[in-house]
Amino acid sequence: MSLGIAVVGAGYWGPNLVRNFRSSPEWDLVAVCDLDEARARKVIGARSTVDVETSLDALLARDDVDAIAIATPARTHSPIALAALRAGKHVLVEKPLADSREAAAEMVAEAAARDLVLMTDHTYAYTSPVVRIGELIAEGVLGDILFIDSVRINLGLIQPDVDVFWDLAPHDLSIFDYILPGGLRPDTVSAHGADPLGTGKACVGYLTMPLPGGAIAHVHVNWLSPTKIRQMVIGGSRRTLVWDDLNPQQRLAVYDRGVDFSASNVDASERAAAAISYRLGDMHAPSLPEREALAGVAAEFADSILNKRAPRTDGHAGVRVLDVLEAASASLASNGAFVTPAGVTTGGAS
Ligand SMILES: NC(=O)c1ccc[n+]([C@@H]2O[C@H](COP(=O)([O-])OP(=O)(O)OC[C@H]3O[C@@H](n4cnc5c(N)ncnc54)[C@H](O)[C@@H]3O)[C@@H](O)[C@H]2O)c1
C-alpha cells in the first residue's frame, strides 16, 4: 500500500523532493502546492497526473493526502506544519525545522498530541559518509570522541534574512546531532563572528561547544572564502577520522594514529604528569555506497509512519539544532560569552 504525499513549495529545493517522492516505491505523489502556480506546473511537467494546488486549505482537505513535505522559506514552516498536523497529516519539514525554537517546540507538541509523525529533513544524516561515520562511532572504532573540527567555507551568497551561522551551521549541527551518542546536547555555546564588508550580519563565524566528558566541537562557517572546503576531523581516543566531502576518491579516511599514555594504569589525576607517546599506525579509506540522500529521507519518512515509530531525524532533532543556533545568536550579541542552550536549561525537554 503506498501513501499519498504532497510537496508544498516548488522553488529551488522542492523539485528535489518531488523527484525523490515520485521515484519512491512507498509513496504516491498526488499534488504539488505553491502560491506560484506556474512554478508548481513546471516542476511536475507536461501531461502529468499529479495535481497542482495553490491553496493550502484545499490541499489539506484532500483525503488522498496522507502526508505533506514542506519546502517553503523557514519563517513559513511552522504555520504550514501546524495547519497540516491539525488536518491529520504527517509532516516532513525542510531544515531548519522552524525559525525559532519556540515555534519548533509547538510543532513537536502538536504532532505528539495527535500521534502523527513530524520529521526534519536533515539531509546530511542520510548521506553515505555520515551514515558510515555514525556506524564507526557507534561500533567504538574511533573510541571516545576527543574533538570535532568542522570547516564549511566558500564564496557564498550573502543572505538577506539570516547570518552565516543560520545559513550554513545547521548542516554541521544536524550531522553532530546524528553522529554523537545521545545527540547534540552541548552544555554551553560560544560564537564569534565578523562582518568585514559591513553587510550588517556575520559573514564569517566560529562556533565553539564544549561537549560532555571534556571533549570539544568547533565549527567554522564562512561566506567570504575564495576556495570551497567541506572538511570534518573527528578525533577519537583510538582512531581519528577525516571526512573531505569534496574528494570523491577518498571521502573518508580513518587514521590509526594518536596519542597514548606510556603507563597504562595512570588515572586522571596522574595523566598530566605521565609521559605520552605517539602511535603511528595505518590509514584506511572505508568504501561508501553511492546513493541519493533524499531517497533515504523518503524511505525513512514512510517507514516511520507505517511502523508508528519516531523517524531518525524527528522534530526533537530539529529543536536541538535550533537550541544551539539561538544560543549562538545570543553569544554573538554578547561578544562570544558562553550561553546555555534552552534545551539544557529546561532539563532537556526537547
Ligand atoms: N536540505 C537541504 O540541504 C536544503 C537545501 C536548500 C534549501 N533547503 C530548505 O528548503 C526550504 C526552501 O528553500 P528554497 O531555497 O527552495 O526556497 P525558494 O524561495 O527557492 O522556494 C520556496 C517556494 O515556496 C513557495 N511558497 C512560499 N510560501 C508558500 C506557502 N505559504 N504555500 C505554498 N508555497 C509557498 C514560493 O512560492 C517558492 O516557490 C528552506 O527551508 C531551505 O532552508 C534545504
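**View 1. Lining of the second largest cavity.** K95, D121, H122, T123, Y124, P170, H171 and S174 line the second largest cavity of this predicted model. A cavity is a set of points on a 1 Å grid over the protein atoms alone where a 1.4 Å probe fits but cannot get out, and lining residues have an atom within 4 Å of a point. Its volume is about 40 Å³, a volume being the space filled by probe spheres set on the points, which are joined across faces, edges and corners. Helix α7 (residues 164-179) contributes 3 residues, the largest share of this lining; helices are DSSP runs (H or I, at least four residues) and strands likewise (E, at least two), numbered from the N terminus.

**View 2. Lining of the largest cavity.** The largest cavity has a volume of about 60 Å³. Its lining comprises Y124, S150, V151, R152, D172, R230, Q231, M232, W243 and D245.

**View 3. Aromatic pair Y124 and W243.** The ring centres of Y124 and W243 are 6.1 Å apart and the planes lie at 70 degrees, so the pair is edge-to-face (centres within 6.5 Å for a pair of Phe, Tyr or Trp rings, the six-membered ring for Trp; planes over 60 degrees apart for edge-to-face). Both Y124 and W243 are buried (under 20% relative accessible area, 1.4 Å probe, protein chains only).

**Notes.** Residues are numbered from 1 along each chain as its sequence is written. In this predicted model, local features need pLDDT of at least 70, side-chain atom pairs count only at pLDDT 80 or more, and totals for chains, interfaces and linings use all residues, while side-chain values use heavy atoms, with hydrogens and water left out.

How values were computed: On a 1 Å grid over the protein atoms alone, a cavity is a set of points where a 1.4 Å probe fits but cannot get out, and a pocket is an open set with protein on both sides within 12 Å along at least five of seven lines; lining residues have an atom within 4 Å of a point. Rings of Phe, Tyr and Trp (its six-membered ring) pair if their centres lie within 6.5 Å; planes under 30 degrees apart count as stacked, over 60 as edge-to-face and the rest as tilted. Buried means under 20% relative accessible area, exposed over 50%, partly exposed in between (1.4 Å probe, protein chains only).
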